[in-house]
Amino acid sequence: MITGETKSKIDRIWNDFWTGGISNPLTVVEQFTYLIFIKQLDDKQILMEKQANLLGVPIEKPIYTEEQSPLRWSNFKNKDPETMFDLFTKQQRELNDITAFDFMKTIGAEGGEFARFMKGAIFMIQSPKLLDKVVQQIDELPLDNRDTKGDLYEYMLSKIAEAGTNGQFRTPRHIINMMVEMTQPKKDDIICDPACGTAGFLVSAGEYIYHNHNDWFQDKTFREHFSNKMFNGIEFDPSMLRIAAMNLQLHGIETPVLIGKDALSEANAGIENEYTLILANPPFKGSLDYDEVESSLLQTTKTKKTELLFLSLMLRTLKVGGRAAVIVPDGVLFGSSRAHKSIREELVNNQKLEAVISMPSGVFKPYAGVSTAILFFTKTNSGGTDKVWFYDMQADGYSLDDKRSKIKENDIPDIIERFKNLEDEADRERTDQSFMVPLEEIKENDWDLSINRYKEIVYEEIEYDAPEVIIEEIKQLDKERTEMISLLEKQLLK
């Protein structure tokens, strides 16, 4: 957990970017990310140098050569602003015409997963003064602690949503954490988010393992699995991929598998039966042409709607026995088109649908007011749905207006606790906040998964007076009104 002092430092960096002319929140985060990466490269070499000095041997594969030392963070941070700015913006003849920024872009494998996505990165800081300000402040951040550096980067990302721009890239952290807590990542899981954005779901899954199963890291096989294969993300936006890679790296996930492609395109046709856990909030606005969509996805549900295609993608890419927790718009639950019905029938009849959590429409405010739900299902290819658990979330700990202020009311702890003990939910009434619905009833209702289809509402009986009594009361009120007007007239005429 980062302290108020660290938050203040991030706030100052953010404000300096804005006053320095960089007003796009996404650009601020990108430039911040590049500078952190450059500092990490130098920190890594400093560690290598210490080890080499201790052992009395030269560094086998240094990141920076002796001639390239002016490009190192520990060197240029002490230069005057103009000299530092020149190192970033002007090709250095004595350094083979390379800048500090170009060096970062061409570092290759030594730079880890993040370096793979540097093609197209652009240096946007326009003044020596701004660069110097930001460099000096980043130099003071506690980037040597895994927990702290991950949290401070998350705090920087949270400011994208606060700015009210690019909010579509950010699922509320407490909703992500709830989904991870409910799916309880396992030691051998291969986790994927097919629309990973800034990798919030993958980071949360990694944090869940760190905090709940720290003993797993004593196993070398697990450490290798955690570092190299456990976390997978697909994202078509290069900016998002860079941010995702840095977010994961700062949270201790050094080499995740990140794929820079459209998850629904033919380019990803080869990914089948690959993952054991999918956590996602895929985009659910817009539609695609059939010829843009990978053909096997259309076999489950022939549609152009992205939210339905992503469900089809998840069923294809999950291994049998794999689980999924995915946020969908309410229309998926009750849509009457053939495509909507077919995907719901697939989930309920051919797979094992375990739960539908209906969320209030304000969860994604201020940048979206759409009503959503979370589906929890397991791929079986042989059915298995007996009863489906429904929960009507009324509050998530924040107000449901654009301000999203913290409030006391919060159903999330109750949701997690009840999901872990579903056998105790069998006797709940349809008037309760959560209840079970049998497979046959869902089938009879055309595979409808909206909670309002099954929830019973008890209306309080209100007794009204007889019409003649109400009329008499109106007459009495009218009489009193006439008397008051008459009294007022007498007072005015005195």
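Predicted model: local features only at pLDDT ≥ 70, side-chain atom pairs only at ≥ 80, totals over all residues.
Phe-390 has Phe-435 as its bridge partner, and Phe-435 belongs to strand E11.

**Strand E8 and its partners**

- Strand E8 covers residues 387-392, and because five of its six residues are buried, the strand is largely enclosed by the rest of the structure.
- With strand E11, which spans residues 434-438, E8 runs antiparallel, and the two are joined by five bridges; the bridge between Phe-390 and Phe-435 links a residue to its partner in E11.
- With strand E6, which spans residues 352-359, E8 pairs in the parallel sense over four bridges, and here the bridge partner of Ile-357 is Tyr-391, a residue in E8.
- As background to such pairings, in a regular strand the side chains alternate between the two faces of the sheet.

- Ala-199 is not a glycine, yet its phi is positive, at about 75°; Ala-199 sits in the loop that lies between strand E1 (191-193) and helix H9 (200-212).
- The relative accessible area of Ala-199 is 0%, and Ala-199 is therefore counted as buried, given that buried means under 20%.
- Trp-447, again not a glycine, has a positive phi of about 65°, and Trp-447 is placed in the loop between helix H17 (439-444) and helix H18 (467-493).
- Trp-447 counts as buried because its relative accessibility is 8%.

**Thr-317 in helix H13**

- Thr-317 belongs to helix H13, which comprises residues 306-317, and with a relative accessible area of 5% Thr-317 is buried.
- When neighbours within four places in sequence are left aside, the residues in contact with Thr-317 are Ile-271, Glu-272, Asn-273, Glu-274, Tyr-275 and Ile-278.

- Leu-54, Leu-55 and Val-57 together make a nonpolar surface patch of about 360 Å².

Note on methods. Residues numbered from 1 in each chain as written. Heavy atoms only, no water. Buried < 20%, exposed > 50% of the residue type's maximum accessible area, 1.4 Å probe, protein only. Pairing = 2+ DSSP bridges. Contact = heavy atoms within 4.5 Å. Patch = residues over 30% accessible without salt bridge, like charges linked within 9 Å, V, L, I, M, F, W, Y side chains within 5 Å. Areas by Shrake-Rupley, 256 points an atom, 1.4 Å probe, with all protein chains shown as cover. Salt bridge = Lys/Arg side-chain N within 4 Å of Asp/Glu carboxyl O.
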